[in-house]
Amino acid sequence: MKKFKVKSFCKINVSLRVLKKLKNGYHSIQSLIFFCNIFDLILIKQIKGSKDKIKFYGRFKKGINNKFNTITKLLYLLRKHKLIEGKYFSIKIKKNVPHGSGLGGGSSNAATLLKFINSKMNLRLNNKEMENIGYKIGSDVPLFLKKKNALLTGKKNEIKRLQKKLALNVLIVYPNITCSTKKIYNK
């Protein structure tokens, strides 16, 4: 496999309404979500050996655990399901999406890589199978499997894709403060 570059786009919650806390600790939410033209750049290449090489770099790499993240979770699940047995990768991710900003950078990285590996390695996973893998990584991951604005309805795993493209000019201000989504929802 030669070296490939793929763009991993972020999203913004234009509206967010927390409906209730679920028994599993997550929350039922309604949210209008738009994709932004801000993206992380993923460089991927299959390598020889018995271990993946994963590296985050760029302005927003701070705070990302190189050993346990959405990418390592994805690769673990693909191997657990015997989809990429004996295959290892060099993956470098240039972080242009701030970690802990609520823009879904890590979830987008996992979904983008899942779609890429499914396509390039002919895994033949259908959308539902990729969604199921995505939910095991994080609740936002399935949202990023299609770069199409969406409405989360509050019903379990229901994502309604918007058919019309809306052109909005949005100014995103990031004050260099990392916010843990888990901590915010716990409050």
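A pocket is an open set of points on a 1 Å grid over the protein atoms alone, with protein on both sides within 12 Å along at least five of seven lines. The legends below describe close-up views of a predicted model.

**Figure 1. The second largest pocket and its lining.** The second largest pocket of the predicted model has a volume of about 440 Å³. Of the 18 residues that line this pocket, those closest to its centre are Phe-34, Phe-35, Cys-36, Asn-149 and Leu-166. Strand β2 supplies the largest share of the lining, with five residues. By residue class, the lining of the second largest pocket is made up of 11 nonpolar, three polar and four charged residues.

Figure 2. Strands β1 and β2 are paired in the antiparallel sense, and 15 bridges are found between them. Two of the pairings can be followed residue by residue in this view: Asn-13 has Ile-33 of β2 as its bridge partner, while Leu-16 is bridged to Ser-31, likewise of β2. Five residues lie between the two strands of the hairpin, in which Gly-25 takes a positive phi near 95°.

**Figure 3. Further antiparallel partners of strand β2.** Strand β2 runs antiparallel to β4, to which it is joined by seven bridges, and the pairing is illustrated here by Lys-45, whose bridge partner in β4 is Ser-90. Strand β2 also runs antiparallel to β5, in this case with three bridges, and Leu-32 has its bridge partner in β5 at Leu-151.

Figure 4. When residues up to four places away in sequence are not counted, the contacts of His-27 are with Val-18, Lys-20, Lys-21, Leu-22 and Tyr-185. Asn-37 also lies in strand β2, but Asn-37 is exposed, with a relative accessible area of 65%. A separation of 22 Å is found between the C-alpha atoms of Asn-37 and Ile-91, two residues that stand 54 residues apart along the chain.

**Figure 5. Helix α2 and the elements packed against its buried residues.** Helix α2 comprises 16 residues, 105-120, and spans 22 Å from its first C-alpha to its last, which is close to the 22 Å expected at 1.5 Å a residue. The helix is mostly covered, with 12 of its 16 residues buried.

**Figure 6. Ser-107 in helix α2.** Ser-107 is one of the residues of helix α2, and it counts as buried because its relative accessibility is 14%. Not counting residues up to four places away in sequence, Ser-107 touches Thr-70, Asp-140, Val-141 and Phe-144.

Figure 7. Helix α2 is followed by Asn-122, a residue of the loop between α2 and α3. Phi of Asn-122 is near 50°, a positive value in a residue other than glycine. Asn-122 is exposed, its relative accessible area being 53%, which lies over the 50% that sets the limit of this class. The second residue shown, Asn-157, belongs to the loop between β5 (150-152) and β6 (159-161), and although it is not a glycine, Asn-157 has a positive phi of about 55°. Because its relative accessibility is 42%, Asn-157 counts as partly exposed.

Technical notes: Residues numbered from 1 in each chain as written. Predicted model: local features only at pLDDT ≥ 70, side-chain atom pairs only at ≥ 80, totals over all residues. Heavy atoms only, no water. Helix = DSSP H or I, 4+ residues; strand = E, 2+ residues; numbered from the N terminus. Expected span 1.5 Å × (residues − 1). Buried < 20%, exposed > 50% of the residue type's maximum accessible area, 1.4 Å probe, protein only. Pairing = 2+ DSSP bridges. 1 Å grid on protein atoms, 1.4 Å probe; cavity = no way out; pocket = protein on both sides within 12 Å on 5 of 7 lines; lining within 4 Å. Points joined across faces, edges and corners; volume = space filled by probe spheres on them. Nonpolar A, V, L, I, M, F, W, Y, C, P; charged D, E, K, R; others polar. Contact = heavy atoms within 4.5 Å.
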